[in-house]
Amino acid sequence: MGPDRFSGVYHYKAVTSMIKPESLLIERIVRQIVVDEKFMEMALEEAKTAGSEGEVPVGAVLVKKEDIIGRDHNRCIQFNDPTAHAEILVIRRGGEIIGNYRLVETTLYVTIEPCPMCVGAITHGRIDRLVYGAPDEKTGSVSSKFRLLNDPDLNHRVEVKGGVLKQECSEVLQGFFKGRRP
């Protein structure tokens, strides 16, 4: 029988109890999967809140060493601000909390692949790692439409992991737009 599933996250102890002690790399990989899914679930909660407020349901969580620095969702309509994307809001909050515009040693979790504006903010903020859920075929700027983070002239590299809770993230977006379009 496979590892237990709990709320979309592999139960860490159940999985690691099946691993031999010499398999530290595997244990680290499994632990990272658990952590990524945990924070993506938080981003999904934010996305659902955005949808209930009539905003495009995108959520983001900014983390430093597994401590939450900020979590938010799209608020473009609420703030009358086209830049009030979830990613931008948590990056701004991160700068306030850390006291620096450089958000080194942080990971940004977002339910959809970031747009060009948000990729620019991720790069300028020196975020180390980006984890996103669903791809965005229209404006995704990491791997779907554009590949802005792959530009060799950039002076900052961001580690990227896409597809975390992809199905759940896609369903939230699809459900929102399905309810708005005839």
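A residue is counted as buried when its relative accessible area is under 20%, as exposed when that area is over 50%, and as partly exposed in between. In the predicted model described here, buried residues account for 46% of the 182 residues in the protein chain. The accessible surface of the chain amounts to about 10200 Å², and carbon and sulfur atoms contribute 53% of this area. Of the contacts between residues at least 6 apart in sequence, 56% join residues that are at least 24 apart.

The secondary structure of the protein chain consists of six helices and seven strands. Read from the N terminus, the elements follow the order β-β-α-α-β-β-α-α-β-α-β-β-α. Five strands are arranged in an open sheet, in the order β4-β3-β5-β6-β7, with mixed pairing. The edges of this sheet are formed by β4 (67-73) and β7 (159-162), each of which pairs on one side only. On average, and with direction ignored, neighbouring strands of the sheet are turned by 15 degrees against each other.

Strands of a sheet pair through backbone hydrogen bonds, and the pairing may be parallel or antiparallel. Both arrangements involve strand β5. Five bridges join β3 to β5, and these two strands run antiparallel; within this pairing, Leu108 in β5 is the bridge partner of Leu62. Five bridges also join β5 to strand β6 (residues 129-134), but here the strands run parallel. Thr107 stands opposite Arg129 in β6. Seven of the seven residues of β5 are buried, so this strand is largely enclosed by the rest of the structure.

Helix α4 (residues 86-98) lies across β3 (59-64), β4 and β5, and runs at about 145 degrees to β4. The helix has 13 residues and spans 18 Å from its first C-alpha to its last, close to the 18 Å expected at 1.5 Å a residue. The buried residues in α4 are Ala86, Glu87, Ile88, Leu89, Val90, Ile91, Gly94 and Gly95. The cover over the buried residues of α4 includes the strands β3, β4 and β5, together with α3 (76-79) and α5 (116-124). Just after α4, Gly99 adopts a positive phi of about 80 degrees.

The side chains were also examined for aromatic pairs, of which the structure holds two. A pair of aromatic rings is described by the distance of the centres and the angle of the planes. For Phe39 and Tyr109, the ring centres are 5.3 Å apart and the planes stand at 35 degrees. Planes under 30 degrees apart count as stacked and those over 60 as edge-to-face, with the rest counted as tilted; the Phe39 and Tyr109 pair is therefore tilted. This pair links distant parts of the chain, since Phe39 belongs to helix α2 (residues 24-52) and Tyr109 to strand β5 (residues 106-112), 70 residues apart. Phe39 has a relative accessible area of 1% and is therefore buried. Tyr109, with a relative accessible area of 2%, is buried as well.

The other aromatic pair is formed by Phe176 and Phe177, with 5.1 Å from centre to centre and 80 degrees between the planes, an edge-to-face arrangement. Phe176 is buried, because its relative accessible area is 13%. Phe177 is partly exposed, because its relative accessible area is 26%.

Note on methods
Residues are numbered from 1 along each chain as its sequence is written. Side-chain values use heavy atoms; hydrogens and water are left out. Rings of Phe, Tyr and Trp (its six-membered ring) pair if their centres lie within 6.5 Å; planes under 30 degrees apart count as stacked, over 60 as edge-to-face and the rest as tilted. Helices (H or I, at least four residues) and strands (E, at least two) are DSSP runs, numbered from the N terminus. Buried means under 20% relative accessible area, exposed over 50%, partly exposed in between (1.4 Å probe, protein chains only). Two strands pair if DSSP finds at least two bridges between them. Axes are lines fitted to C-alpha atoms, for helices over the stretch in contact, and angles run from 0 to 180 degrees between N-to-C directions. Contact means heavy atoms within 4.5 Å. Accessible areas come from the Shrake-Rupley method with a 1.4 Å probe; for residues, only the protein chains shown count as cover. The expected span of a helix is 1.5 Å times one less than its number of residues.
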